[in-house]
Amino acid sequence: MPDERTSPDLTTPSAADPPPAPPERGRDDAAVCVSIETEGDIVTARQKGRELAATVGFTATDQTILALAISEIARNIISYAKRGTVTLGRLDDGGRCGVSVVAEDQGPGIPDVDLAMRDGYSTAKSLGMGLPGAKRVMDEFDLTTVLGEGTTVKMKKWLR
Ligand SMILES: Nc1ncnc2c1ncn2[C@@H]1O[C@H](COP(=O)(O)OP(=O)(O)O)[C@@H](O)[C@H]1O
Ligand SMILES: [Mg+2]
């Protein structure tokens, strides 16, 4: 990971600086949407997540952690909603970079989110980290669900 603090240009802001960020640091240029319906799709999503995390500069360990969290929410899509999507994107808020993961489905929704987010709760006896584990390893986690309409899980992990 190159240390940007060594670049004098970044530490001398000028009033004449144009407001838009350079295109290569944009938010959506690396966005990739993976349809999730089969076991193979889970593998694809986690691999693409790992690749993206590597290009953003995450350590191998953090790439693995991110891949695990992606697996969990992608598996939930198949288990509970049959199909959906996982969208991966590069984050850049000007100061930090990171990866965003959005899992969306039009499945049955989650009747009791507090219960679903409880450690040790599982209706499928999975050995994975589950939703609470995914929340723990990510920096931001937001679950929105509407009964009969579907579920969206938005997660972010920032480089530190
Ligand atoms: N996308 C989803 N749609 C509907 N229900 C879900 C979804 N994701 C999770 N759930 C519900 O939340 C519970 C907890 O999920 P999770 O923590 O992954 O544990 P597990 O999948 O092992 O049961 C699940 O058992 C399921 O009832
Ligand atoms: Mg699960």
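Which residues touch the most other members of the largest nonpolar core?

**View 1. The largest nonpolar core of this predicted model.** Of the 26 residues in this core, Ala69, Ile70, Ile73, Ala74 and Val86 touch the most other members. A nonpolar core is here a set of buried Ala, Val, Leu, Ile, Met, Phe, Trp, Tyr and Cys residues joined through C-beta atoms within 7 Å, where buried stands for 20 or more other C-beta atoms within 10 Å of a residue's own, exposed for 12 or fewer, and partly exposed for what lies in between, with C-beta atoms placed from the backbone. Two or more residues each come from β1 (32–36), α1 (39–56), α2 (60–81), β2 (84–92), β3 (97–105), α4 (130–137) and β5 (150–158), and α2 gives the most, with seven residues. Helices (H or I, at least four residues) and strands (E, at least two) are DSSP runs, numbered from the N terminus.

**View 2. The surroundings of Ile73.** Leaving aside neighbours within four places in sequence, Ile73 is in contact (C-beta atoms, placed from the backbone, within 7 Å) with Val86, Ala103, Ala134 and Val153.

**View 3. The two faces of helix α1.** In α1, the buried residues are Ile42, Ala45, Arg46, Gly49, Arg50, Leu52, Ala53 and Val56. They cover an arc of only 165° around the axis, which puts them on the same side of α1; the arc is that of the directions from the helix axis to the C-beta atoms. An α-helix has 3.6 residues a turn, so residues three or four places apart point the same way. The face turned away from the buried side of α1 carries the exposed residues Gly40 and Thr55, while the cover over the buried residues includes β1, α2, β2 and β3. Just after α1, Gly57 takes a positive phi of about 115°.

**View 4. The five-stranded open sheet.** The strands follow the order β1-β2-β3-β5-β4, with antiparallel pairing, and two strands pair if DSSP finds at least two bridges between them. At the edges stand β1 and β4 (140–146), each of which pairs on one side only. Seven bridges join the antiparallel strands β4 and β5, and Thr144 stands opposite Thr152 in β5.

**Notes on the model and numbering.** This is a predicted model, in which local features need pLDDT of at least 70 and side-chain atom pairs count only at pLDDT 80 or more, whereas totals for chains, interfaces and linings use all residues. Residues are numbered from 1 along each chain as its sequence is written, and chains are lettered from A and ligands numbered from 1 in the order in which they are written.

Notes. Two residues are in contact if their C-beta atoms, placed from the backbone, lie within 7 Å.
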